[in-house]
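Reader: I'd like to go through the side-chain contacts in this one. Can you put it up?

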Amino acid sequence: MPYQLLYWPSIPGRGEFVRLSLEAAGAEYVDVARGDEQRGMGVPALERILSSPQVARPPFACPVLVDGKLVIGQTAAILLYLGPRLGLVGASEADRLWTHQVQLTIADMVAEAHDTHHPIASGLYYEDQKKEALRRAEDFRKERLPKFMQWFETVLERNTRNGRAAFPHLVGGRLSYADLSLFQLVDGLRYAFPKATGRVLKKAPRVAALHAGVAGHKKLAAYFASERRLAFNEEGIFRRYRELDA
């Protein structure tokens, strides 16, 4: 049976990190919340997974992956499970742990990017915490964004398997789910903070090359050109407020 991916249908959000791996591997999957409610899909199906008392191990939030009887929440945990099944992680335990570590670091940065526009509470509107957002975004642009990107650059530089690859990879000599997630992170940052991200990428050429390489991946290029690829918007993790990218 195909994998079932459950995520909100109007934003790329954290679900896109999982979707990219499924698309790159050519895996068969159903994007449940985008399906027809008359066929038991749509947002109600997502909400059932999150709230049903019949789910013995309920996920806290989406994305959620369902594979047979398995119900898996948390982006990094889903990718840890999918990686070996999709051929997107190395065979050794060391490679798998390192890839997972990189993915968790990406998750940390995703959370910090989100908190630039919602530094006080997710339940408040941006306009209700704009003053605090301006301060948080300034620190993110000046301190956190360069620090994270330089770490990714260092990881790429120290990967001794990058000599023969068409573009640099984070782990080993071939595409991993961590590469796909770093691509999505950079893509989101370029949308939300185009000025600051552009400056930082000039000092992280390997990160920029990885982003360009994933963008040209054959299967993903077709996906990026399709309607399945949702555009960033001001309801998701990465939001463009010009005043935050001053």
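Reader: Which residues are linked in a network of salt bridges?
Author: Glu-16, Arg-19, Asp-31, Arg-34, Asp-187 and Arg-229. A salt bridge here is a side-chain nitrogen of Lys or Arg within 4 Å of a carboxyl oxygen of Asp or Glu. This is a predicted model, where local features need pLDDT of at least 70 and side-chain atom pairs count only at pLDDT 80 or more, while totals for chains, interfaces and linings use all residues. Residues are numbered from 1 along each chain as its sequence is written, and side-chain values use heavy atoms, with hydrogens and water left out.

Reader: How many salt bridges does the structure hold?
Author: Eleven.

Reader: Which residue forms a salt bridge with Glu-16, and how far apart are the closest N and O atoms?
Author: Arg-229, at 2.7 Å. Arg-229 lies in the segment after α9 (218–224) and Glu-16 in helix α1 (residues 15–24), so the pair ties together parts 213 residues apart in sequence. Helices are DSSP runs (H or I, at least four residues), as are strands (E, at least two), numbered from the N terminus.

Reader: Are those two buried or exposed?
Author: Both Arg-229 and Glu-16 are buried. Buried means under 20% relative accessible area, exposed over 50%, and partly exposed in between, with a 1.4 Å probe and protein chains only.

Reader: What does Asp-187 pair with?
Author: Asp-187 forms a salt bridge with Arg-229, with the closest N and O atoms 2.9 Å apart. Asp-187 is in helix α6 (residues 177–192), 42 residues from Arg-229. Asp-187 is buried too.

Reader: And Arg-144, what is its salt-bridge partner?
Author: Glu-112, at 2.8 Å between the closest N and O atoms. The pair joins helix α5 (residues 130–158) to helix α4 (residues 93–117). Arg-144 is partly exposed at 27% relative accessibility, whereas Glu-112 is buried at 17%.

Reader: Switching to rings. How many aromatic pairs?
Author: Eight. Rings of Phe, Tyr and Trp (its six-membered ring) pair if their centres lie within 6.5 Å; planes under 30 degrees apart count as stacked, over 60 as edge-to-face and the rest as tilted.

Reader: How are Tyr-126 and Tyr-241 arranged, stacked or edge-to-face?
Author: Stacked, because their planes are at 10°, with centres 3.9 Å apart. Tyr-126 sits in the loop between α4 and α5, and Tyr-241 in the segment after α9, 115 residues apart in sequence. Tyr-126 is buried at 4% relative accessible area, and Tyr-241 is buried at 14%.

Reader: And which residues form an aromatic cluster?
Author: Trp-98, Trp-151 and Phe-152 form one.
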